[in-house]
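User: Hi! I would like to understand how the words used for a structure follow from its values. Could you take me through some examples?

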Amino acid sequence: MNRQPPSIRPPRREQRFAPPAASTRGEPFSTIDGQTLWMRPVRPDDVDAIIMQLDLVISVDTAVAHLAGALGRPCWVLLPYLKTDWRWLGERDDSPWYPGVLRLFRQPSAGDWLTPIQALRAALAERLSGA
């Protein structure tokens, strides 16, 4: 199935590149090449444009994971052992709702995040190596 994502407008230039006003800056998040990145809210209508610029989204069960799936962007989702939303079904490591796009990493038991994080780490290393 050849799904083409909808036409997405890029984030507004003033939102993406202009430094925030001093009163809205908060704490610096990071510095890259001498540029300080400030923590500030992202407008909800820009999230789709941001996702479209990513090679891979890594998330927990949030609206971002569903939006990435709906946009056809690769997304890996970490899921808890207990109280997992019914949409992720049972023992699957993929999603019939977003075929070929989402990959699920599940806790094998309550509280064991080490196992899915290690599996995700290995999958990411494999992806980055081009294998």
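Analyst: Gladly! Let's begin with W76, which has a relative accessible area of 6%. Keep in mind that this is a predicted model.

User: What makes W76 count as buried or exposed?

Analyst: Buried means under 20% relative accessible area. W76 has 6%, so W76 is buried.

User: How many aromatic pairs does a search of the whole structure find?

Analyst: That search finds 1 aromatic pair. Its rings belong to W76 and F105, with centres 5.5 Å apart.

User: Why is this pair called tilted?

Analyst: Ring centres must lie within 6.5 Å to pair, and planes under 30 degrees apart would be stacked, while those over 60 would be edge-to-face. The planes here are at 55 degrees, so the pair is tilted. W76 belongs to strand β4 and F105 to strand β5, so the pair ties together parts that are 29 residues apart in sequence.

User: What lies over the face of W76?

Analyst: R103 does, at 5.5 Å from the ring centre. The distance limit for a charge over a ring is 6 Å.

User: What about S95: buried or exposed?

Analyst: S95 has a relative accessible area of 1%, so S95 is buried. You can find S95 in the loop between β4 and β5. Leaving aside neighbours within four places in sequence, S95 is in contact with W88 and L102.

Notes: Residues are numbered from 1 along each chain as its sequence is written. This is a predicted model: local features need pLDDT of at least 70, side-chain atom pairs count only at pLDDT 80 or more; totals for chains, interfaces and linings use all residues. Side-chain values use heavy atoms; hydrogens and water are left out. Helices (H or I, at least four residues) and strands (E, at least two) are DSSP runs, numbered from the N terminus. Buried means under 20% relative accessible area, exposed over 50%, partly exposed in between (1.4 Å probe, protein chains only). Contact means heavy atoms within 4.5 Å. Rings of Phe, Tyr and Trp (its six-membered ring) pair if their centres lie within 6.5 Å; planes under 30 degrees apart count as stacked, over 60 as edge-to-face and the rest as tilted. A charge sits over a ring if NZ of Lys or CZ of Arg is within 6 Å of the ring centre and within 35 degrees of the ring normal.
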